[in-house]
Amino acid sequence: MKKIPVISCAFMVAVMAAASCSNKKPGINYMPDMAYSRAYETNSENDIFPDKQTNRTPVEGTITRDQLLPFRVEKDSGSDTTNFAKARTVQNPLPPLNEADMKEAERLYLIYCGICHGAKLDGNGPLWKDGDGAFPVMPKNLLDPTIVSQGDGQIFYTITYGKNMMGSYASELNPKQRWMVIDYIREKQGVKKTAATTAADSSSAAK
C-alpha cells in the first residue's frame, strides 16, 4: 500500500512530461510586437547600410549630456599666433569650483604643472630648481603680468596644444580637468572669476 503514492506521483510526472513535449500549438499571440522586435538587434545584419552593419558610429560632433562642448579654436601652424589670439574670447565654462573641486584642481596642477611651473606658480619647479635642475631655461612664471592678462581660452589653448617649449597635455588632462586647473591658477593669480558664458560661446576641447 505504501508504494501506491510513489507510483501515482511517478505516473503524474510522466503524464506532465509527455504533455509538455506534445506538438500542441501555442495560444494566440495578441501582442506580437512584444514577442518579435521590429528593431534591428545590435549585432545583426542590416541591409539599409552598405556595410550591412547595424552598429553605427556617432555623428561627428556628438557628445554626451555631461560633456563640455568642443573647443572650436584650432591649433596655429608654424609661428602663426592668429588662433592663439582668437582663443582669448573663450571663457571658462565651469561654474565656480567648490572646496572639493578646488582641492582636486590643486592636485592636478601639482602633478602635471608644478613639476615645471612650481608649487607657487613662480616657474621654479623641480625641473628648474633655481637653475640647478634639468631645464636649461626657466619655465614661465604664471604670476607674471603677461600670463595673468591672458584669457582663460589662451591658457586652455596652451595646455591643449602646447606652446613654445611646453608640450600638449591633452592626453594627461581631459577638457574639464584643464578648465579646473585654470580655475586653480586664476585663484592663485588673484584673478576673480567672471560668470561663465553660455555653453555655445564657452566650450572645451574635443579631445
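Mentor: Before we start, a contact here means heavy atoms within 4.5 Å. This is a predicted model, where local features need pLDDT of at least 70, side-chain atom pairs count only at pLDDT 80 or more, and totals for chains, interfaces and linings use all residues. Residues are numbered from 1 along each chain as its sequence is written, and side-chain values use heavy atoms, with hydrogens and water left out.

Trainee: Among contacts between residues at least 6 apart in sequence, what percentage join residues at least 24 apart?

Mentor: Take the contacts in the chain whose residues sit at least 6 apart in sequence. Those joining residues at least 24 apart make up 57%.

Trainee: How many helices and strands does the chain have?

Mentor: Helices are DSSP runs of H or I with at least four residues, strands are E runs of at least two, and both are numbered from the N terminus. By that count there are zero strands, and the helices number eight.

Trainee: Which residues of helix 4 are buried?

Mentor: Buried means under 20% relative accessible area, exposed over 50%, partly exposed in between (1.4 Å probe, protein chains only). The face turned away from the buried side of helix 4 carries exposed Glu99, Ala100 and Lys103. The buried ones are Met102, Ala105, Leu108 and Tyr109.

Trainee: Why do the buried residues of helix 4 line one face?

Mentor: Picture looking down the axis of helix 4, with directions taken from the axis to the C-beta atoms. The buried residues line one face because they fall within an arc of 120°.

Trainee: What do those buried residues of helix 4 pack against?

Mentor: Two partners turn up here. They are helix 5 (114–117) and helix 8 (175–189).
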